Amino acid sequence: MSNEEKVAAAKQALGKAVDALLELKREKPKVFYGGFAGIVLVLLIMIMMMSGGGDTSTSSPATGPAVKNLEIGKRYVLKNPNSYDPTAGVRLVITPGSMPAYDDTEKADRSGCNNLPQGTAVTVKGFYDAYGKKNSFVNVQIEDGECKGRSMWTLAINVQ
């Protein structure tokens, strides 16, 4: 069989396939369009699987607020690193590692010595390890305002 005969046979087979598809479209349009949609769906899934994720080795990890190397006896200020609002308070608790340090849904948790304004001067008195992190809570003595002299705990990222 020569190349010309092979090309002619391929054209004839392609013509028959197109005729069969057009006849299917005319006689059973739901089957035709359903099959077409299925093929497109399979192709999209294959493309998504092949594209995969990017190379994560070149991307930088997410960074959060840096914790300073705090020293006992030194004076610092309270700062909320998770807010751009200068009026946002800084959360303080009586017991280190307690859940209220992370949750202030109760109105009583947002007033008094439990929630001090940013910029309040404090002196570091000690540290507490929690949740697998060293020195994650800091015992501070409040140096300003109505709570002056009171000792409470806050997250280390809140002391700057």
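This note goes through the predicted model point by point, from the overall fold to single residues.

1. Basis of the note. The structure is a predicted model, in which local features need pLDDT of at least 70 and side-chain atom pairs count only at pLDDT 80 or more, while totals for chains, interfaces and linings use all residues. Residues are numbered from 1 along each chain as its sequence is written, and side-chain values use heavy atoms, with hydrogens and water left out.

2. Overall make-up. The protein has two helices and six strands, where helices (H or I, at least four residues) and strands (E, at least two) are DSSP runs numbered from the N terminus. Along the sequence the order is α-α-β-β-β-β-β-β. Of the contacts with a separation of 6 or more, 55% are between residues 24 or more positions apart, a contact being heavy atoms within 4.5 Å.

3. Surface and burial. The accessible surface of the protein is about 11600 Å², and carbon and sulfur atoms hold 59% of that surface; areas come from the Shrake-Rupley method with a 1.4 Å probe, and for residues only the protein chains shown count as cover. Buried residues are 24% of the 160 residues, with buried meaning under 20% relative accessible area, exposed over 50%, and partly exposed in between (1.4 Å probe, protein chains only).

4. Helix α2. This helix covers residues 29–51 and includes V42. Its 23 residues should span 33 Å at 1.5 Å a residue, and the end C-alpha atoms are 33 Å apart, which agrees; the expected span is 1.5 Å times one less than the number of residues. Just after α2, G52 has a positive phi of about 55°.

5. The nonpolar patch. I39, V42, L43, M46 and M50 make a nonpolar surface patch of about 520 Å². Patches take residues with over 30% relative accessible area and no salt bridge, joining like charges within 9 Å and nonpolar side chains (Val, Leu, Ile, Met, Phe, Trp, Tyr) within 5 Å; a salt bridge is a side-chain nitrogen of Lys or Arg within 4 Å of a carboxyl oxygen of Asp or Glu. V42 itself is partly exposed, because its relative accessible area is 47%. An α-helix has 3.6 residues a turn, so residues three or four places apart point the same way.

6. Strand pairing. Strands β4 (residues 121–130) and β5 (residues 133–142) run antiparallel and are joined by seven bridges, two strands being paired if DSSP finds at least two bridges between them. Within this pair, V122 is bridged to I142 and Y128 to F137. The hairpin of β4 and β5 has two residues between the strands, and Y131 there takes a positive phi near 55°. On β5, five bridges also make an antiparallel pairing with β6 (residues 151–155), in which F137 has L155 as its bridge partner. Strand β1 (residues 75–77) pairs with β4 in the antiparallel sense over three bridges, and R75 is bridged to T123.

7. P96. This proline lies in the loop between β2 (89–91) and β3 (115–117), and counts as buried because its relative accessibility is 16%. Leaving aside neighbours within four places in sequence, P96 is in contact with Y128, F137 and W153. P96 and F127 are 31 residues apart in sequence, and their C-alpha atoms are 8.9 Å apart.

8. N158. This residue is in the segment after β6 and is buried, because its relative accessible area is 7%. Apart from neighbours within four places in sequence, N158 is in contact with V77, L78, K79, N80, P81, V90 and R91.
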